[in-house]
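Have a look at the structure on the screen, and I'll talk you through a few parts of it.

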Amino acid sequence: MIVENEKEIAKALYDDLSKPEFEAFISEISNAKSSCELALKELKHWMKPEKAKTSISTFPSSAEIVSEPLGVVLVISTWNFPFLLSVDPVIGAIAAGNAVVLKPSEISPATSSLLVNLFDKYLDKSAVRVVEGAVPETSALLEQKWDKILYTGSSRVGRIVMTAAAKHLTPVILELGGKCPAIVDSNVNLQVATRRIIAGKWQCNNGQACIGVDYVITTKDFAPKLIDALRKELEDCFGRNPMESKDISRIVSLNHFTRLERLLDEDNVSNKIVLGGQRDQNKLRMAPTILLDVPKDSQIMQDEIFGPLLPIITVENVKDSFDAINSKPKPLAAYLFTNDEKLKESFVQNVSAGGMLINDTILHVTVDTLPFGGVEESGMGSYHGKFSFDAFSHKKAVLYRSFNGDASIRYPPYTESKKKLMKALISDGIFGMLLALIGWSKD
């Protein structure tokens, strides 16, 4: 399906977000294809029962953990990566043997419509269905009983999904977001670091990404150098007039555009712009914008930005940034740029986030051997690769015994001798029980 319809997928992503074709291929189409290929290659291995050790109390016996489908699952996807974040969870759900209902986002209507047509053409309708619509349709779906729900989107709607799921005791995976920080130390290759920040901010759907860099923390002394480097690299990427660049996505809707304007126009925020700030409401285009030391209590530092605005917050010492991050809800991703090995170790130990990446941004989600998911406010549960298969599977415990080795010690009547033998067996194993049999009990 993906291979035969690359152009149609790229066109839908352009219609919804003006997403450049190259970006559409790299960030969505190729990743979805890779997920398919990995599942096809590894599925037999994933499905194989996992051997488990048994205890002396069940001797002789063997045990295994068997993966079985949960049943019928609901996937509610989002608009910023509307193809990948629709298809990727469905791949995991199908691989695990479930039937799936997909509800794509109405904010990306071209991709939503394409998914209906492609799924109808390529997939078994008795196993996979797409339901289009907005709030009423989503609400109607949430009223049904599902065996699992995966939702990608905002924490506000995540709470609604979790509340609805609780009525049926349905387990959920919530892929939310948060304010993902990037700490920049002064001992870095500045050109490489700024390019990678640009890749994790503006090149990544023009900031409209849950794992995108939400804000940067650096020292007061280093901030001017970092801003100058960002200015130069942004011009190299998007030209002197980024509003005319064909290599950057637009804002998805007027509603999101006006939300970003409110963040930018707040008192004591608009005067902190050091680069960019241009906007065109008619074209839903907003230039990469950098702000320096906005007030900590401003809305732009409270809400997830989800757009091309990048505040840079300064601290006296780079280690002070840990406290700044930990004072906020735990993010979906956290980034650190440094050559200091002790700082790397301290960052991993002292900062909690759904995932981390040292000296780059966003690429950790492409590693299929790593789980992708949030923690606390940024979500719960994880998927990608085998984690997707496990997320949509029930791990069934199976113990096998024969009719041999049946000991009367487990059955009534409960005599003192049986009690001593059982206590010895549980405490000290076979050797302890043998000692008890010959009268060398600890009691």
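Before I go on, a word on conventions: residues are numbered from 1 along each chain as its sequence is written. This is a predicted model, so to speak of local features we need pLDDT of at least 70, side-chain atom pairs count only at pLDDT 80 or more, totals for chains, interfaces and linings use all residues, and side-chain values use heavy atoms, with hydrogens and water left out.

Back to that pair. Strand 15 (residues 333–337) and strand 16 (residues 355–358) run parallel, with four bridges between them. For pairing, DSSP has to find at least two bridges between two strands. Strands themselves are DSSP runs of E, at least two residues, and helices are runs of H or I, at least four residues, both numbered from the N terminus.

Strand 15 also pairs with strand 8 (residues 181–184), again in the parallel sense, over three bridges. There, I183 is the residue opposite L336.

How many of the residues of strand 15 are buried? Five of its five. Buried here is under 20% relative accessible area, exposed is over 50%, and partly exposed is in between, with a 1.4 Å probe and protein chains only. In a regular strand, side chains alternate between the two faces of the sheet. In strand 15, A333, Y335 and F337 are buried on one side, and A334 and L336 are buried on the other.

Now follow the chain onwards. Strand 15, helix 11 (residues 341–350) and strand 16 make a right-handed β-α-β unit. Right-handed is when, with the strands pointing away from the viewer, the path from the first strand over the helix to the second runs clockwise.

Rings of Phe, Tyr and Trp (its six-membered ring) pair if their centres lie within 6.5 Å; planes under 30 degrees apart are stacked, over 60 edge-to-face, and the rest tilted. By that rule we get four aromatic pairs. One of them is F322 with F347: the ring centres are 6.0 Å apart and the planes are at 45°, so this pair is tilted. F322 sits in helix 10 (residues 320–326) and F347 in helix 11, 25 residues apart. F322 counts as buried because its relative accessibility is 6%, and F347 is buried at 0%.

Then there's F372 with Y383, an edge-to-face pair at 6.1 Å centre to centre and 70° between the planes. F372 is in strand 17 (residues 372–373) and Y383 in strand 19 (residues 382–383), so the pair ties together parts 11 residues apart in sequence. F372 and Y383 are both buried.

Zooming out, the protein has 13 helices and 20 strands. Its C-alpha trace spans about 90 × 55 × 40 Å along the principal axes, and 48% of the 443 residues count as buried.

Last stop, the outside: F22, in helix 2 (residues 21–47), counts as exposed because its relative accessibility is 62%.
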